[in-house]
Amino acid sequence: MKSLVVIVVLLTGPDNLEKNYYPVDTEDNCAVVGQRIIEQIAKYKDNIGEQQGWYTLDDKLIVGHYCTVK
């Protein structure tokens, strides 16, 4: 089993990014684990025109994720 740290990047303002870190022990790859975390912390909004995407409960837009190995 490998230890990953999934870093989810949020847009918090016009020029501000925030990174949240989620350490996990898994056999899955970064894409699978990252999507799973995003689905747990956010909701997909698709009926709002050009502003659609994954948003956290406090309305921060998720712009992506990446992983590092611990």
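Biologist: Is Arg-36 buried, partly exposed or exposed?
Modeller: Arg-36 is partly exposed, because its relative accessible area is 37%. Buried means under 20% relative accessible area, exposed over 50%, and partly exposed in between, with a 1.4 Å probe and protein chains only. Please note that this is a predicted model, in which local features need pLDDT of at least 70 and side-chain atom pairs count only at pLDDT 80 or more, while totals for chains, interfaces and linings use all residues. Residues are numbered from 1 along each chain as its sequence is written, and side-chain values use heavy atoms, with hydrogens and water left out.

Biologist: Which residue does the side chain of Arg-36 meet in a salt bridge?
Modeller: The partner is Asp-28, at 2.6 Å from N to O. A salt bridge is a side-chain nitrogen of Lys or Arg within 4 Å of a carboxyl oxygen of Asp or Glu. Asp-28 is partly exposed, with a relative accessible area of 31%.

Biologist: How many salt bridges does the structure hold?
Modeller: The structure holds 4 salt bridges. One of them joins the side chains of Glu-18 and Lys-60 at 3.0 Å, N to O. Glu-18 lies in strand β2 and Lys-60 in the loop between β4 and β5 (61–69), so this pair ties together parts that are 42 residues apart in sequence. Strands (E, at least two residues) and helices (H or I, at least four) are DSSP runs, numbered from the N terminus.

Biologist: Which residues are linked with Glu-18 in a network of salt bridges?
Modeller: Asp-58 and Lys-60 are linked with Glu-18 in that network. Glu-18 counts as partly exposed, because its relative accessibility is 25%.

Biologist: And which residue meets Lys-45 in a salt bridge?
Modeller: That is Asp-59, with 2.7 Å from N to O. Asp-59 lies in the loop between β4 and β5 and Lys-45 in strand β3 (residues 42–45), so the two tie together parts that are 14 residues apart in sequence.

Biologist: Turning to the strands, in which sense do β1 and β2 pair?
Modeller: Strand β1 (residues 2–13) and strand β2 (residues 16–26) pair in the antiparallel sense over 11 bridges. Two strands pair if DSSP finds at least two bridges between them. They form a hairpin with 2 residues between them, and Gly-13 stands opposite Asn-16 in β2.

Biologist: What about the inside: which residues make up the largest nonpolar core?
Modeller: It has 9 residues: Leu-4, Val-6, Val-8, Leu-10, Val-33, Ile-37, Ile-38, Ala-42 and Ile-62. Two or more residues come from each of β1 and α1 (30–41), and β1 gives the largest share, 4 residues. A nonpolar core is a set of buried Ala, Val, Leu, Ile, Met, Phe, Trp, Tyr and Cys residues joined through side-chain atoms within 4.5 Å.

Biologist: Where is Thr-56, and is Thr-56 buried or exposed?
Modeller: Thr-56 is in strand β4 (residues 53–56) and is buried, because its relative accessible area is 10%. Leaving aside neighbours within four places in sequence, Thr-56 is in contact (heavy atoms within 4.5 Å) with Leu-10, Ile-41, Ala-42 and Ile-62.

Biologist: How far apart are Val-9 and Val-63 in sequence and in space?
Modeller: They are 54 residues apart in sequence and 5.7 Å apart in space, C-alpha to C-alpha. Val-9 is in strand β1 and counts as buried, because its relative accessibility is 11%.
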